[in-house]
Amino acid sequence: MAEEEKKEDEKEPDRQLPGIEPVERYHSIMVGGETLNYLSRAGVLPLTDDKGKTEAEIFFTAYEVAPEKEGRQRPLTFVFNGGPGSSSIWLHMGACGPRRVKMEPGGWMPAPPFVHEENQSTWLDRTDLVFIDPVETGLSRAVSEKLIDKFWGYQGDIESIGEFIRLYLSRYSRWGSPLFLAGESYGTTRAAGLADYLVNRGIVFNGIVLISTALNLRPIFFQQGDDLPFHLF
């Protein structure tokens with residue numbers, strides 16, 4: 001009896017994931033002398049197992065220009081940082097999004113108070129954007145801690161992000177759009193893996209952007225006795 005109670009105590013309860021509906025807002029930004037009216041969308045998409053039971057939720061932030069038009073052919077780019085273990089906040093608020101954190105001219109962190117500003121270098125004038133937080137980064141979570149390892153391995157990471165992309169294209173009717181991937185650091189490894197994984201599932205990308213490429217991990221780690229990283233650094 002005591003042993004049964006102990007096992008019951010050790011049983012991990014599932015997390016209560018928010019399961020929120022996406023929040024949408026309309027905004028505008030002036031880029032290159034042109035006004036862009038765009039929709040921001042923040043929310044989660046659920047990842048389920050073969051029986052339809054939710055295993056995780058992936059949080060995303062998306063920006064779309066003229067989303068009200070039917071049969072949209074505007075390019076769509078899925079963006080993620082690397083780590084592994086990093087959310088998309090760095091490319092989102094530091095490089096590609098319509099707003100970014102204001103920095104000093106040389107790129108240094110300013111003195112507080114910290115503010116954000118319109119990003120004149122945003123990619124939104126060329127492509128719609130979807131910033132993805134992989135499971136257990138940002139606001140993305142697995143239902144149970146026991147499932148985390150499923151998503152943190154190389155193949156699990158590829159499969160979960162690939163499933164998110166498939167779900168997003170279906171839910172928001174973007175199968176007719178030219179598709180792109182943009183990854184940073186380990187995200188370049190993820191992007192290469194995703195392109196291979198999804199082409200066999202009917203999702204083909206028109207291009208891939210590799211930022212701070214980490215396709216070959218050996219030069220990054222500076223292992224003892226390995227001179228190659230020092231030459232390439």
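The legends below describe close-up views of a predicted model. Local features are reported at a pLDDT of at least 70 and side-chain atom pairs at pLDDT 80 or more, whereas totals for chains, interfaces and linings use all residues. Residues are numbered from 1 along each chain as its sequence is written, and side-chain values use heavy atoms, with hydrogens and water left out.

**View 1. A cis peptide bond between Pro112 and Pro113.** The bond that joins Pro112 and Pro113 is cis, with omega at about 5 degrees. Pro113 belongs to the loop between β5 (99-101) and β6 (116-118), where strands are DSSP runs of E with at least two residues and helices are runs of H or I with at least four residues, numbered from the N terminus.

**View 2. Ser173, a residue other than glycine with positive phi.** The phi angle of Ser173 is near 50 degrees, and the residue is placed in the loop between α4 (154-171) and β9 (179-184). Ser173 is exposed at a relative accessible area of 53%; exposed stands for over 50%, buried for under 20% and partly exposed for values in between, with a 1.4 Å probe and protein chains only.

**View 3. Tyr168 and Tyr172 as a tilted aromatic pair.** A search of the whole structure finds 10 aromatic pairs, defined for rings of Phe, Tyr and Trp (its six-membered ring) whose centres lie within 6.5 Å, with planes under 30 degrees apart called stacked, over 60 edge-to-face and the rest tilted. In the pair of Tyr168 and Tyr172, the centres are 4.7 Å apart and the planes stand at 45 degrees. Both Tyr168 and Tyr172 are buried, and together with Phe60, Phe78 and Phe164 they form one aromatic cluster.

**View 4. Phe222 and Phe230 as an edge-to-face aromatic pair.** The ring centres of Phe222 and Phe230 are separated by 5.0 Å, and their planes are 85 degrees apart. Phe222 lies in the loop between α6 (218-221) and α7 (228-232) and has a positive phi near 50 degrees, although it is a residue other than glycine. Phe222 is partly exposed, with a relative accessible area of 34%, while Phe230 counts as exposed at 55%.

**View 5. Arginine charges over the rings of Phe80 and Tyr197.** A charge is taken to sit over a ring if NZ of Lys or CZ of Arg is within 6 Å of the ring centre and within 35 degrees of the ring normal. The charged end of Arg190 is found over the ring of Phe80, 5.1 Å from its centre, and Arg201 lies over the face of Tyr197, at 3.7 Å from the ring centre.
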